[in-house]
Structure formats: C-alpha cells, structure tokens
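Here is a short briefing on one structure. Keep the sequence and the 3D view open as you read.

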Amino acid sequence: MTVLEAKHIRKSFVGVRALSDANFALRAGEVCGLVGANGSGKTTFARIVSGLLTPDDGELRLYEQPVNLRTHLDAERYRMAMVHQNLSLVPEMTIWQNIALGREMTGSLALLDNRGAVARAEKAMETISVKISIHERVKNISPDEKQLVEIGKALAKDPRILILDEPTASLDFHQVESLFRAVRELKERGVAIVFISHRIWEVAKICDRLVAFRNGETVGELDFAVQERNEKLIIPLITGQEVREKIRKGSAAREQEIARHGDSGLALELRGISLDGGRLTDVSFSLRRGEVLGLGGLQGQGQEEILMILAGYLKGYSGEIRVDGKPLALRNTRHAIRRGIALIPGDRQKEGLFLERSVLSNLLYPKVSMHRGSFFLPMGRYQKLASGAIATVSLVPPDPRLVVSQLSGGNQQKVVVGKWLALSPNVLLLNDPTKGVDVGTRQNIYEIISGLAEKGTSVLLYASDNEELIDNCDRVLIVFEGRIVKEIHGDDINEERLVVASLNVEHSGEKSPGAAHEDGRVQ
Amino acid sequence: MLVLLIIVNAIIQPGFFSFQVFRMNFMTFTPLILVSLAQATVILVGAVDLSLGAGISLVTVVMASLMKDSTLSIVSITLLGVAAALFLSLFNGFFIGYIGPPPLIMTFATSTIWFGTALLIMPTPGGHIPEAYYMIYGKTLGGFLPVPVIILLVAVAFCLLLGRLKAFRHLYAVGGSERASRASGISVPGTKVFAFLVSGVFIALAALCVVGQTATGDARSGQGFTLNSVAAAVIGGIAFSGGKGNYVGAIIGGIILGLLINIIYFANITSFYQEFMKGVIIIVALLFGAVPRLRRELSHH
C-alpha cells in the first residue's frame, strides 16, 4: 500500500522558491532515502509532509486518501512522526518529559500520569539501545545523545510513517549502527520510513529506494531492488554533474612543499597539554607549515577541546603551546586571532555567524575587530576585500547585501570560511566544518582549504566523517578519551584503519604516540 | 541567605518570635509572596508582567468604590474584584500569546492604562471598605492560624495542583523553547494565555490581601509590587530567560524580600535611605544568591 504520496508540491517563502515540483511516494514497510544538496528542499518537503508547513499548491495523500494537514497535530493523527534536524527538545526538561511532551497522558481528574510517561520513555529508548538515564535533563547530555532522544521521542508515538531528517548528523558509527538496527526492525513491522541524509554511504546502505531533489524538484529515483547500490550512481543525481576528481590529487605537491620546509617549518607545536578532569591528557603534536593535519576518533573524545584551547576559548590547561617555535600563552580569542590562529566552528548558526546581518558585515567582522590605526574604517578597501572573498568561496548568489539567514546552509558555511580569508591566518582550525553541508559545497570548501594549505597555511581539521579525513589530510591523529593514541600517515589513511584506531582496540606492535596507554585501555 | 536574614530580622525587630509580630509580618508578606508567584508564572513561560502592580491598584479602587456594608455586597464585590484581576491578566495574555508584542512593552502599556483607569475612578485614596472585610484579614482562626497564612496555604495547595496539570508542564516547555514546543504539537499562544490566567489568580488573591491590609482604594497602592515581584522571582532562582525555576524558589524569594523590607523598616533609617538601602541589599542578594548560580550555569555551556 502507498502510505504517503505527494504530487507537484510547491512552496515559496517571501519570494524564495523552496519547492517547485516535488513528487514523492512511500510504500508501507519500505525505507526510502531522500537526498539532495543543501537548499534543494528536502527539509521543507519533510516539514510539509509532517504538517509543520502548508504547501502553496499540490496534492498530498495519506493511506491513499487526499489530506489537508494544517498543524503538526493533524499529521500525528495519521500516525506520522518526524525526527527533527533542528532539535525539538526543551533543554531544561528531563528526557522522559521531553519524550512525552505534547502528548502527555492524564489520569483521573486530568492529573498527569507521570509513571506511565516514564515507562513509555524507557521502552522507546530501549528500542534504539540507548543507555542513558531518562531522568537526566536534556541540557546535560551530549549532542549525539540529544539526537537519540529525538529519535526515541518519535518512536514513542508508535508511528506508521516515520520521517528521519538527518538523524545521523551528530552520531558516531556505533550509534548509527544501532539506529539502523532499529530502522530495520521498524521496517519489518511495516512502518514506512523516509530517510533524509547527506551521508551517501548511509543512504546506500539502509534504503530500499531513493529519491533525489535538486532546486526544489524531484529529479530522479533509484530502486536498489533493480539497481546496484553504488555511490557513484547517487552523486550525479544530487549534483547534476559527473563525480569530480577528488582533491587528494593536489596533496602530492603539498607533501613536497612540507618536506622542503623540514623541521624548521613548524607552525604550531603542542607539548604535554592537559586539561583537568581527564578531558585531555598529555597531548603533544606538531603541525608543519602548509600541512593539513586531521583529528579523528569517536565523537567527544577531546578533539574539540584541543581546537578550543588553540583558539583561546578554553583556559586553565597545563603544558606548552609554541607558535613559530616560540612559546605562547594564549590569553583569549582575540589574542589567538592576532597571532594568526582562526577557528571555523562546527555550529555555524551559534558561533560562526550573525544571522540577521548581511553577508558583507559577516565577512568583515574579524577584519573590523582587528582594525588598528585610523579612527574611521576604510570601508572602500574592505568592500573590495569582501568581494574578493565572495569570489574565492563562490557564494551563490554573489551578493554581499543579502542577509545571512536567508542563505542555504551550504552558503552560510561558505561565509564562515570566507570571513577568515581576509586575515590570511597562519593556522586554520576547523571544527567539523561540513556538518550538514551537501556534497557540492563540501568539495568547494575543501578546495578552498587545500588552496590555503598550498599557500602555506597550516590546517588542523576535526571531522566526524572519516571520509573527509581520508580525502583531505596529510596525517591523522586519533584521539581517544583525551589522549592521542595513534598517528596515521599519508596513504595509510583509510576507512578501516581509522575505524579500528578510533576504537583503540588495536594490538599491533607499531610505535604510536599513545602505544604506552593502549594496553590498559582496551574496551 | 534566608537564615541570615531571619537572624538579622530577629535582632532588629522587637518581639520577632512573638505570635503577634508573626501575624503582623504575614499580613505584609502574603501579598508579596503572592505577587512573586504571579510574576514567577509569567517569567517561567518566557514573558514578564509589568502591569501587575497597576492591576492590583485598579482592583482595590474598583472594590473600594463599590463595596457596601451588606454581606451580599461584600461577597459579590470580592468576586467582582477577582474577576477583574483575571480579566486584566487575560487581556495581557491574549495579546502577548496571539498577537505577539514583546511582553515587556505590552505590559508596560497596559500598566499605564490600568493606572490611568484607577486614577479616573478614584483620583485620591479613599472609598469604603466595610469593617467586616478588613477585620477578617486581621483575624486568627483557631487561635493559631492567621488568615493571611491560610490564604498562603491555599496558594500553596493551588501550586501543588498546578504541578500535576498537563498545561503547566507545557508552560515550562514553552518557556524553555518555543520552537521545540511547537514541533511537539503544543499550542504556544494557548500556553501563554494559561500562564497569564494562573498569574491572574495569584494577582487576584494579592489584591484581596492588599484591600484587607490597607482598607482603602488607592490608585498607587500596588505600585511597589511590580518590580518587587520581579526581584523576588529572580532572587528565588526563576531564570529570566524562562522555563527554569520553581514555585518553592518564588516563595522563598518573596519571603527574603519581605524580610529585607522589614529589616530596613525597623533599622530606623530615613525614608530616602530606606529605598537606597533596599536597592543595595537586592543587588547584594543577587550577588550571593543568583549570580554564582548563573556563572555556574554559563561555565557548563
């Protein structure tokens, strides 16, 4: 049975067309992927289907009946649940309160049935095998756990149609595995699932079928029952062009350059950096000029803390940081920026952008805040700088007057990268820079980064997606529980080695910086 | 903090532990605690009510200008006062929930409307409150329970009941994150109206107490309550951003503020310094009470 069908859906927001002709069908008991670049309309479509937005035009059918969904509650009546990309959790409330939120059961006298709510929450979290106390407040749990709670919240509704909007964006591969297990179980029970993701390999792995959106239109479909599960077939659907040559090619030239500098070319050196509470223990490494060094490992093992210390956010560490061979005690973020260390944050909406300001203002803030000398700002010169940056990051549309919140996620991220270009930093710290960014923009951003590296900028990259580390890094350091447990070089960087090293279970005799710690730490 | 204040108060105020003083204190504490609960409710949902004091004034003026000596009149006008308080709160709630002006500006605007109306009805303090009405407020039931304490107990019982209601859970959700609430299928405007309605109940009780305490109608009688209630709620740990804190905190905040005012009053300082000292002590209270907590929270993020 076709449980969900959408025909010729259109939707515009104040002059911007989000969907022009979206078509989609979903059968009971199948997992259908929905892929597309950022701004292709996937999330808008999901929000329309789940009743959070009303379409301008088009037909929506549920269980082969035409429907008109006005609110999210309407959709829930049809036993549809959505896992939101931008989380729908209230931080101050506990996990079980959040899972019950909006559908609290009441007992006699309209009083809340808390015991029942706790039981239902427990059951939901069990299905996705999560082991956190459901009495914990959501503000105290990590982003990946929040994502799991969000999924648990949708499952607690016992849906027949489940929409997962980027459910894996902040999960590590273990959690993705348990999610996939839950998805397969639901599928067996006849639940129809829409799976929206940027991670192509996930889509290829879990979906029975996939539909691709481009610029608000349905542009293609792959049915894995008849077609091969090949990522190469999927990417052209999304980008509309053949797979581009991978960036890694350029790094051969870079390696020569790095070798030429030798040991004199150390841009950054960390010696025995530790943070209290075991968040970081004895972290030492060096970063050469023009090198792209990766930080890998499971999520939340201390990679972000390393970046935060170098950016001057986190203080109170012990150990020594040396920049250009000289010891440097970072006082604050301003100090770090002045010394040529710039951080591109992972949460662009929170830390990287002034959403309600124009592209121009956003691009110029670092430059303006570092301005010294004349009383008035040299705006003419700055505007030229900004147009230069817009061209370098190939912003679409290339208009400096646009308000950033109106740009798509990928273009927003380009602005975040672009604003540091004018300062030409010596060391660029990247904190999961392509989280929630589509394939095209991702390549774009990494091309810019590799270009900067060729000009001598050193890059320290933390990415939750191993593929990005493989494609871009000259060396990868694996972080585990606040220590660096392994270093992987050049051609040895591959998925398998990264995964094994991340788990810190390897018993090879190889020398690695953390070899001494490995024995006692096997999980 | 609370203990310290009680000790200081006991030293300064003669006969602090005598029943008579206890009863007198609660005659002034009860309205303060009630407005603190009222303010806490709207702050929890992410709003603020600056019209609370003017609302109380308006209710006292309406009651004092209409009340006669007959029992029927006392009961019906009291009910009218309650209805008026609820109406004023609902008016704020509907506008803020369904039309969406910032609560700060909206309630500031209504506060001047309420004040103006009260002045129109009664330009100078006066009116008539029957003896039977204000005597009740000063009475002690069963020899050990002063009426103000009973009113407070009723309010506490109301709080306990609220805690078990679905709409009250939603109040925290909306205050915590409107977007998340909407995505969970909660009616955000409806919840805001509910918060103002609950707040209206506390305001109504407070207004009845003020009438009993002052035995007049006065367009300025509620003035001090607005910002005192905000201060009490914040001292009591209600986060100004909404969705965080509880009624126990609000009650403690109200008592702390009441004790502060008491101490200043009995310390025999001139009225200028009274106000001056009150401000200083509130800042100190915040430094010791709220600020360390806020800093702790910020460092977590």
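The points below cover a sheet, a chain contact and a helix pair. The model is predicted. In chain A, four strands form an open sheet. Chain A also touches chain B, with 20 residues from chain A and 16 residues from chain B taking part. In chain B, helix α1 packs with helix α12.

**The sheet in chain A**
- The strand order is β12-β11-β14-β15, and the pairing is antiparallel.
- β12 (280–288) and β15 (326–327) of chain A stand at the edges. Each has a single partner strand, so one side of each has no neighbour in the sheet.
- Strand β11 (residues 266–275) of chain A is joined to β12(A) by six bridges.
- Leu270(A) has Phe285(A) in β12(A) as its bridge partner.

**The contact between the chains**
- Chain A gives 20 residues to the contact, and chain B gives 16 residues.
- On the chain A side, helix α2 (residues 72–77) supplies the largest share, three residues.
- That side of chain A has 11 nonpolar, six polar and three charged residues.

**The helix pair in chain B**
- Helix α1 (residues 2–12) and helix α12 (residues 247–266) of chain B pack at an angle of about 30°. Their axes are 9 Å apart.
- Angles under 35 degrees count as roughly parallel, so α1(B) is roughly parallel to α12(B).
- The crossing of α1(B) with α12(B) is left-handed.
- Residues of α1(B) in this contact include Leu2(B), Leu5(B) and Ile6(B). Those of α12(B) include Ile252(B), Leu259(B) and Phe266(B).
- The contact of α1(B) with α12(B) has 12 nonpolar residues, two polar and no charged.

Technical notes: Residues are numbered from 1 along each chain as its sequence is written. Chains are lettered from A and ligands numbered from 1 in the order in which they are written. This is a predicted model: local features need pLDDT of at least 70, side-chain atom pairs count only at pLDDT 80 or more; totals for chains, interfaces and linings use all residues. Two strands pair if DSSP finds at least two bridges between them. Helices (H or I, at least four residues) and strands (E, at least two) are DSSP runs, numbered from the N terminus. Two residues are in contact if their C-beta atoms, placed from the backbone, lie within 7 Å. Ala, Val, Leu, Ile, Met, Phe, Trp, Tyr, Cys and Pro count as nonpolar, Asp, Glu, Lys and Arg as charged, and the others, Gly among them, as polar. Axes are lines fitted to C-alpha atoms, for helices over the stretch in contact, and angles run from 0 to 180 degrees between N-to-C directions. Angles under 35 degrees count as roughly parallel, over 145 as roughly antiparallel, 65 to 115 as roughly perpendicular and the rest as oblique. A crossing is left-handed if the near helix is turned anticlockwise from the far one by less than a right angle, and right-handed if clockwise.
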